Amino acid sequence: MWFPAYDYDLIQTDRYAEDKSVFGEKAGTWFLETDSSDGGKSTIQWGLEYMDIDWDGQSLIPVIEECDGLCGTFALDKGDLSYDPFITIGFYVAGFDSSGNPLSADVSNWQGICIAFSLSGAPADVQLSMGDSLDEAMGYALPEEVLGKSYGRSSCFEWSDFLQPTWKSKDALTVSGEEAARRLVKVIIRIQGKSGSKGEFIIQGIGTNI
């Protein structure tokens with residue numbers, strides 16, 4: 001669905017869709033978030049010096065061409081957080097409606113997801129988001145899987161591999177990976193570790209598990 005040499009900065013999330021009508025504007029758009037809204041001070045720097053955290057509105061194509069992938073460095077800083085700091089990189093599966101609201105799509109026919117990824121300095125997970133309201137109902141205990149530190153090859157996961165973390169509250173909504181895939185809004189790569197951790201990452205491809 002995404003290989004830097006061919007697809008540039010949008011992931012072709014509708015490539016294998018049985019119903020392409022559910023995909024809206026900017027499907028497959030990358031996003032970046034840090035822990036700043038929760039009181040953290042973590043930072044990320046894209047693989048070009050002039051593109052920093054305020055990259056909104058800028059094309060990622062220069063970064064992708066420079067790195068042959070999506071690359072950068074990060075520094076984790078706990079700030080006022082009560083838990084380990086983090087950054088997230090991910091993409092919107094179905095894009096947005098005409099009002100700018102994120103859409104969901106049934107991508108269960110992907111059978112899972114493959115990610116070519118390399119990381120140093122902190123561990124990472126892949127998480128499945130069903131949108132703000134359902135994520136909140138889950139107590140933000142999203143179905144997730146550990147992302148290995150592979151380089152030049154893909155780590156592939158079936159939807160059934162994605163499980164909610166053990167810290168999930170018993171009162172929170174229970175959702176399986178298969179259920180999340182039927183109304184998926186975002187795929188998230190979450191890099192989280194001890195305050196002071198620094199490292200590098202590169203994403204070199206996104207594919208289905210077909």
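**Close-up 1. A salt bridge joins D84 and K194 in this predicted model.** The two side chains meet with 3.8 Å from N to O. That falls within the 4 Å cut-off, so the contact counts as a salt bridge. By this rule, the count for the model comes to one.

**Close-up 2. How exposed are D84 and K194?** D84 has 27% relative accessibility, so D84 counts as partly exposed. K194 has 57% relative accessibility, so K194 counts as exposed. The cut-off for exposed is over 50%, and partly exposed begins where buried, under 20%, ends.

**Close-up 3. The largest pocket holds about 760 Å³ of space.** Its lining is made of 30 residues. Closest to the pocket centre are D135, Y140, L142, I188 and R190.

**Close-up 4. Several strands and a helix supply the lining of the largest pocket.** At least two lining residues come from each of β1 (30-34), β4, β6 (124-129), α3 (132-137) and β9. Which element gives the largest share? Strand β9 does, with four residues.

How values were computed:
Residues are numbered from 1 along each chain as its sequence is written. This is a predicted model: local features need pLDDT of at least 70, side-chain atom pairs count only at pLDDT 80 or more; totals for chains, interfaces and linings use all residues. Side-chain values use heavy atoms; hydrogens and water are left out. Buried means under 20% relative accessible area, exposed over 50%, partly exposed in between (1.4 Å probe, protein chains only). On a 1 Å grid over the protein atoms alone, a cavity is a set of points where a 1.4 Å probe fits but cannot get out, and a pocket is an open set with protein on both sides within 12 Å along at least five of seven lines; lining residues have an atom within 4 Å of a point. Grid points are joined across faces, edges and corners, and a volume is the space filled by probe spheres set on the points.
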